[in-house]
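Here is a short report on one protein chain. Keep the structure open beside the text and find each residue as it comes up.

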Amino acid sequence: VPVMAVIALLLPKEAEEKLLQEIMKEADKAAYALHMQIAGGHTEVSESVLEPMAVVTVTGIAKAGGLLFGAKAGQDVVATKWIGLEGTALLARRYGERLAERYPYHIIKEAEAFASYLSVLPEAAIAEKSNVSAMHDVSGGGIFAALWELAESAGVGLTIDLKKIPIRQETIEVCEFFGISPYELLSGGCLLMTADDGESLVQALEAVHIPAAVIGKVTDSRERVVINEEEKRFLERPQTDAFIKIERRNENEGRVTAYH
């Protein structure tokens, strides 16, 4: 349970005070939503920094009896909310003008608003009461990376139904525009959990308005398989996140290019 945060900010030399105020306003808003305090920090400018950078250290309290024991064969795999939320929001904010050449304004604004879904504390609180044996936040590398890491940490296998993985249409559109896979996109806001009765866990989450879905099973083999109708692919060790690929591509080309 988070209690307080300390923020160290590095800003470009040309940064104005207004930028610092905007960053701290957003930080205060996030801290309030997570019921914690910003206890201090440090700010400086540097010629070596091209974009604002923040290092956030959060102190929290571990609840007694809150230890998880890892995924077990036979359990259901549950995913909360939708994949790709964080990456979609970042791409919409960063490249909104370019996206507007193809998509209506309301789609871009909706994609930007995905940033409001990034906390997984509410679903973690439900999981704590629902006999969940493993939790893993879906972050860099997307859902494919998170599934591989979940299985690797427990030494188990997985069978996942690709069509059951929850995804928003806005994410599909944005990923199609940039020619990237939504399954390898930064996915903060989505939490993976394993439980003996995944459907009951889904019902408990939906009772407090958190969308969730059972997307597969934990197996006793070492195979991590994703099935898409008749097709089958094996999960591999996590690769570079799709969002980072877009950033690097943009740096190399000096512009955003739509790939088909």
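## How confident is the model?

This is a predicted model. The average pLDDT of the chain is 91. A score of at least 70 is reached by 95% of the residues.

Over residues 255-260, pLDDT stays under 50. For this stretch the model has 18 contacts beyond four places in sequence.

## The largest pocket

Start with the empty space. Rolling a probe the size of a water molecule over the atoms shows where such space is left. The largest pocket has a volume of about 1800 Å³. Its lining is made up of 46 residues. Which of them lie nearest its centre? They are Glu 26, Ala 30, Glu 86, Arg 93 and Leu 118.

Helix H1 gives the largest share, with 10 residues. By type, the lining divides into 32 nonpolar, four polar and 10 charged residues.

Look at Thr 171 in helix H7, which spans residues 169-178. Is Thr 171 buried or exposed? Its relative accessible area is 0%, so Thr 171 is buried. Its side chain makes a polar contact of 2.8 Å with the side chain of Thr 88. Leave aside the neighbours within four places in sequence. Thr 171 is then in contact with Ile 83, Gly 84, Thr 88, Phe 114, Pro 182 and Leu 185.

Now move to Thr 80, in strand S4 (residues 76-80). Thr 80 counts as buried because its relative accessibility is 0%. What does its side chain reach? It comes to 2.9 Å from the backbone nitrogen of Leu 191. A polar contact of 2.9 Å also joins the side chains of Thr 80 and Glu 123. Beyond four places in sequence, Thr 80 is in contact with several residues, among them Glu 123, Gly 189, Cys 190, Leu 191 and Met 193. The list also includes Leu 205, Ile 210, Pro 211 and Ala 212.

## Two loop residues with positive phi

Asn 131 sits in the loop between H5 and strand S5 (134-138). Asn 131 is not a glycine, yet its phi is positive, at about 60 degrees. Is Asn 131 buried or exposed? With a relative accessible area of 69%, Asn 131 is exposed, because the cut-off for exposed is over 50%.

Glu 229 lies in the loop between strand S9 (224-228) and strand S10 (231-234). Glu 229 is not a glycine either, and it has a positive phi of about 55 degrees. Its relative accessible area is 60%, so Glu 229 is exposed.

Find Lys 72 in the loop between S3 and S4. Its relative accessibility is 44%, so Lys 72 counts as partly exposed. Lys 72 and Ser 133 are 61 residues apart along the chain. How many Å separate their C-alpha atoms? The separation is 7.7 Å. Not counting residues up to four places away in sequence, Lys 72 touches Ser 133 and Val 218.

Next comes Ser 48, in the loop between strand S2 (37-46) and S3. Ser 48 counts as exposed because its relative accessibility is 66%. Ser 48 and Trp 148 are 100 residues apart along the chain. Their C-alpha atoms are separated by 35 Å. Finish with Phe 178, found in helix H7. Phe 178 counts as buried because its relative accessibility is 1%. Phe 178 and Leu 34 are 144 residues apart along the chain, and 32 Å separates their C-alpha atoms.

How values were computed. Residues numbered from 1 in each chain as written. Predicted model: local features only at pLDDT ≥ 70, side-chain atom pairs only at ≥ 80, totals over all residues. Heavy atoms only, no water. 1 Å grid on protein atoms, 1.4 Å probe; cavity = no way out; pocket = protein on both sides within 12 Å on 5 of 7 lines; lining within 4 Å. Points joined across faces, edges and corners; volume = space filled by probe spheres on them. Helix = DSSP H or I, 4+ residues; strand = E, 2+ residues; numbered from the N terminus. Nonpolar A, V, L, I, M, F, W, Y, C, P; charged D, E, K, R; others polar. Buried < 20%, exposed > 50% of the residue type's maximum accessible area, 1.4 Å probe, protein only. Polar contact = N/O pair within 3.5 Å; in protein donor to acceptor, adjacent residues only side chain to side chain. Contact = heavy atoms within 4.5 Å. pLDDT = per-residue confidence, 0-100.
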